[in-house]
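This report describes selected secondary-structure elements and their packing. The sequence and structure are shown first.

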Amino acid sequence: LEFSNKDYLEFSNKDYLDEDDLSLLHELKSLERPHQSTDPDPSNPNQFAAWDTPLWRQEGVSGRWDALKARLCEAVEELKRPINMDDMEKGREYESANKPFTFKHDRKSFKPYTFSTFLSSFPSICMRFSDLHPTTLDLETYSLYCSHPLLGLAEDCPLGVYDSQFSEIPSLSDLYTPHSCFSPCLFSGFEGRPPWQWILLGPQRSGTGIHVDPLATCAWVSLVSGRKLWCMFPRGVDKGKLGLKGWGLRPSEHSVSVSWFESRLDWLLSGADGLDFHLHLQEEGETVFIPAGWPHVVLNLEECYAVTENFASGLHGVEDVERAVREEEPEFWKTWMRGRGEKIESPLERICADK
C-alpha cells in the first residue's frame, strides 16, 4: 500500500511520533542504509518500508518473515553445524585455538532486562545505532518506531541499537559483570582505546550483516533475552563467496542480515561451495565466542537484548593485532606502543620492515 505524507503523519501522530521524530528516523535510516535510500526527502515515507526488496510489501512482511524464520530454524536442525557448547572455564583454550564456542553464562551476571523492559525502564535515554555516526535517538521514540505498523513492523530490517558509550551513563554503568574466562585485553588501561563494549537492542528481523570484527579482535556476545541466529566462517575464507566486498561494518548491501540469510539459505543447505561454516541458534542465557578474523552474520529471530565486548587477545595473533591497529587506528597505535615501551617506526622503517 502507498501512503501519502499527510496520511502517514496523521497515523504517526496517534502514536505520538511527530514530524521531527520522523525526520530524525529518516536521517538514521539514511545513515544506516545509504545504499537503499532512494529519496533524500523525509516526506516520502515509503522508500524505507520495504527497502530494496519489494516482495516484502507485496506478500506482507509478517507472512514472508514467518516462512523464512521457519525455514531458518529447520536449517539449523538439518545442517547440524552448531558452535561447540562447552564449559565457560575452557574459554582460554578456545581463545588460544581461535575457535568459536558457546556456553551457558551465569544469569546473575546480567540485570534481567528484556528488550521491552529495557526500553520502558530508560525512555529518556538517548542511544547510538552505530560507531560510524553520532546520531542518537531516545528510547521512547525508538519504542514507538519499533511498534509502528508503517515503520518498524513494516521494514524488513528495522533499526537496532548498537551503543558503545552506554557505560558513561550512570544508570547504565552496572548492567553486567564481565566474563573472567578470557584473557585480559591488550588495550586495557590505554587512553584513546577504540570502542570495545556495546549494548545491543533490536526487534525481530534486525541484526548485523556479514562482517569481520575490527583490529583483529575476538569478541563475546551474551544474550540476556531473545534468540539470535549466527552463521560463522573460518578465518581466511574466500570473502567473494560470502558476497562480501569489504571486511568492516561500513553500511553496504551486506548490512541487511535478513536479506543475506534469505538469499543464501539454499546455498548453505547445498553445502556452501564446500566452505566450512557454523550455523548456530543462540538461546537466552548463552554466550557466543567469536574468534579473531572469522566473518559472521547475525539475525534476531525475536526481540533481543544482548551485551558484547571485543578484546585483543594475548594468546594468539598478537602480530595481527599490532598490524591492524597500526593501519586502522594510527593515533592509538602510537599511544599503545609508547605505553608498552616499544619503538615507534618511521614510515620508511615501516615500509622496509614490511618488505
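In helix α10 (residues 330-339), Phe332, Trp333, Trp336 and Met337 are the buried residues. Because they cover an arc of only 135° around the axis, they lie on the same side of α10; the arc is taken over the directions from the helix axis to the C-beta atoms. Glu331, Arg338 and Gly339 are exposed on the other side of α10. Buried denotes under 20% relative accessible area, exposed over 50%, and partly exposed the range in between, with a 1.4 Å probe and protein chains only. Just after α10, Gly341 adopts a positive phi of about 70°.

Helix α9 (residues 318-328) and α10 have axes that come within 5 Å and cross at roughly 130°. This makes α9 oblique to α10, given that angles under 35 degrees count as roughly parallel, over 145 as roughly antiparallel, 65 to 115 as roughly perpendicular and the rest as oblique. From α9, Val321, Glu322, Val325, Arg326, Glu327 and Glu328 make the contact, and from α10, Pro330, Phe332, Trp333 and Trp336; contact means heavy atoms within 4.5 Å. Axes are lines fitted to C-alpha atoms, for helices over the stretch in contact, with angles from 0 to 180 degrees between N-to-C directions.

## Basis of the model

The model is predicted: local features require pLDDT of at least 70 and side-chain atom pairs pLDDT 80 or more, whereas totals for chains, interfaces and linings use all residues. Residues are numbered from 1 along each chain as its sequence is written, and side-chain values use heavy atoms, leaving out hydrogens and water. Helices (H or I, at least four residues) and strands (E, at least two) are DSSP runs numbered from the N terminus.

## Strand β6

Six of the six residues of strand β6 (residues 197-202) are buried, so β6 is largely enclosed by the rest of the structure. Gln197, Ile199 and Leu201 point one way, and Trp198, Leu200 and Gly202 the other.

Strand β5 (residues 161-163) pairs with β6 in the antiparallel sense over three bridges; pairing requires at least two DSSP bridges between two strands. Tyr162 has Leu200 of β6 as its bridge partner. Strand β13 (residues 304-311) runs antiparallel to β6, joined by six bridges, and Tyr305 of β13 is the bridge partner of Leu201.

## The open sheet

An open, antiparallel sheet is formed by four strands in the order β7-β12-β9-β10. Its edge strands, β7 (207-211) and β10 (278-282), each pair on one side only. The twist averages 15° from one strand to the next.
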